[in-house]
Amino acid sequence: MDHPENDEKYIGLNVNSGVQQPPVVNPYLQPRRKKALPSASELVEGILRGDITMLSRAVTMVESLSPQHQAIAQEVIEKCLPHSGNSRRIGITGVPGAGKSTSIDSFGLHVLKGGGKLAVLAIDPSSERTKGSILGDKTRMERLAVHPDAFVRPSPSAGSLGGVARKTRETIVLCEAAGFNNIFVETVGVGQSETAVHSMVDFFLLLQLAGTGDELQGIKRGIMEMADGIVINKADGDNIPRAQLAQAQFRSALHLFPPTASGWQPEVLTYSGYYELGIAEVWDMIDRYFEFVKGNGYFEQKRLQQARYWMYETIDEQLRRHFYDNPRIAALLADKEARVLANRQSSFTAARDVLNAYFEE
């Protein structure tokens, strides 16, 4: 590069070369080596001996969309299946702000006092815009997050039904194989994911708040009908009378619903998650429920129904993926979409043409 200061007429001018620019990257920094994928046998062996690291890696593979990861994950699930089924699966739902994470922290410590291990599968809603999740449930389960006998796993909903993580049921199988005899599944609480969670748990607990207006409008009837127990949270201080009034209202409302398939009459209790009041009573209710449904055979019947339900759900999911991953269908969809948007073809005939093309293959 030509520098005018080097001209002879500037002979008396001294130009320093300047300071050498230091390297941007630390020269002592070694490139990270990519970890080799563990085999299915290594993962299963680690899970069966209760290795949390191996369990976490297996769950990550279950949630992954990579075909390679999925192949390993399905093999792990099949090998872990004979070691599963020996836990209490409890779903916990409620309106946002009802204190689900705080309640799980309190319930979990109460359960662990009696021995055993606890896995918490917290479903975190994913952004529809960025597809990202905060995964901050561990920050509200401070004591469980550091407990040696607890495994807290927040998972992104990834846009699946109502915010339910797509692979939560498979994760339950892995946790049970790892020796966790209590499984908590926390829903997003948006009013749509509850059906899916209800189909993978034994007991469905609904958390409600008092003093927020018309309590019976706080959550839809369909969700109340699924609940095996309703708990009015934040029943402390000046809020106790309101909690008791809400308790009476819910009890009256439950009498209007048809009998449950299990024959169990859902109970309504009050408690305070923050002050940890009434936790033992809530867990006594859950104990009574399990004793009741195991006594009349409904427990095993429900587990079999759930297994059948998830077989058909998996078929639906695989068919949908096979359809949209088909390159020819993807091209045809783009063409039909353009025709529909240009008002040259109706949505219904466009859909019929695409489906006919798919089934002709």
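Of the 361 residues of the protein, 43% count as buried; buried means under 20% relative accessible area, exposed means over 50%, and partly exposed lies in between (1.4 Å probe, protein chains only). This is a predicted model: local features need pLDDT of at least 70, side-chain atom pairs count only at pLDDT 80 or more, and totals for chains, interfaces and linings use all residues. Residues are numbered from 1 along each chain as its sequence is written, and side-chain values use heavy atoms, with hydrogens and water left out.

**Overall build**

- The secondary structure comes to 13 helices and 7 strands. Helices (H or I, at least four residues) and strands (E, at least two) are DSSP runs, numbered from the N terminus.
- Take the contacts between residues at least 6 apart in sequence: 74% of them join residues at least 24 apart. A contact means heavy atoms within 4.5 Å.
- The protein exposes about 20,800 Å². Carbon and sulfur atoms supply 54% of that area. Accessible areas come from the Shrake-Rupley method with a 1.4 Å probe; for residues, only the protein chains shown count as cover.

**Helix α3**

- Helix α3 spans residues 67–80 and has 14 residues. From its first C-alpha to its last it reaches 20 Å, close to the 20 Å expected at 1.5 Å a residue. The expected span is 1.5 Å times one less than the number of residues.
- Its buried residues are Gln70, Ile72, Ala73, Val76, Ile77 and Cys80. Seen down the axis of α3, these residues fall within an arc of 165°, so they line one face of the helix. The arc is that of the directions from the helix axis to the C-beta atoms.
- On the other side of α3, Pro67, Gln68 and Glu78 are exposed.
- The buried residues of α3 pack against three helices: α1 (40–48), α2 (52–63) and α6 (168–177).

**Helix α2**

- Helix α2, one of the packing partners of α3, has 12 residues. It reaches 16 Å from first C-alpha to last, close to the 16 Å expected at 1.5 Å a residue.
- Met54, Leu55, Ala58, Val59, Met61 and Val62 are the buried residues of α2. They cover an arc of only 160° around the axis, which puts them on the same side of α2.

**Aromatic rings**

- A pair of aromatic rings is described by the distance of the centres and the angle of the planes.
- Rings of Phe, Tyr and Trp (its six-membered ring) pair if their centres lie within 6.5 Å; planes under 30 degrees apart count as stacked, over 60 as edge-to-face and the rest as tilted. By this rule the count comes to 13 aromatic pairs.
- Phe184 and Trp283 have ring centres 6.0 Å apart and planes at 55°, so the pair is tilted. Phe184 lies in strand β4 (residues 182–186) and Trp283 in helix α10 (residues 279–295), so the pair ties together parts that are 99 residues apart in sequence.
- Phe184 counts as buried at 1% relative accessibility. Trp283 counts as buried at 9%.
- Tyr289 and Phe290 have ring centres 5.7 Å apart and planes at 85°, so the pair is edge-to-face. Tyr289 is buried at 2% relative accessibility, and Phe290 is buried at 2%.
- Ring pairs link Phe203, Trp264, Tyr289, Phe290, Phe292 and Phe299 into a cluster.

**Charges over rings**

- A charge sits over a ring if NZ of Lys or CZ of Arg is within 6 Å of the ring centre and within 35 degrees of the ring normal.
- Lys117 lies over the face of Phe180, at 4.4 Å from the ring centre.
- Lys294 lies over the face of Phe299, at 4.9 Å from the ring centre.

**Loop residues**

- Lys234 sits in the loop between β6 (229–233) and α9 (240–254). Its phi is positive, about 65°, although Lys234 is not a glycine. Lys234 is partly exposed, with a relative accessible area of 38%.
- Glu276 is in the loop between β7 and α10. Its phi is positive too, about 55°, although Glu276 is not a glycine. Glu276 is partly exposed, at 37% relative accessible area.
- Gly278 is in the loop between β7 (267–270) and α10. Gly278 is partly exposed, at 22%.
- Gly278 and Val231 are 47 residues apart in sequence and 9.9 Å apart in space, C-alpha to C-alpha.
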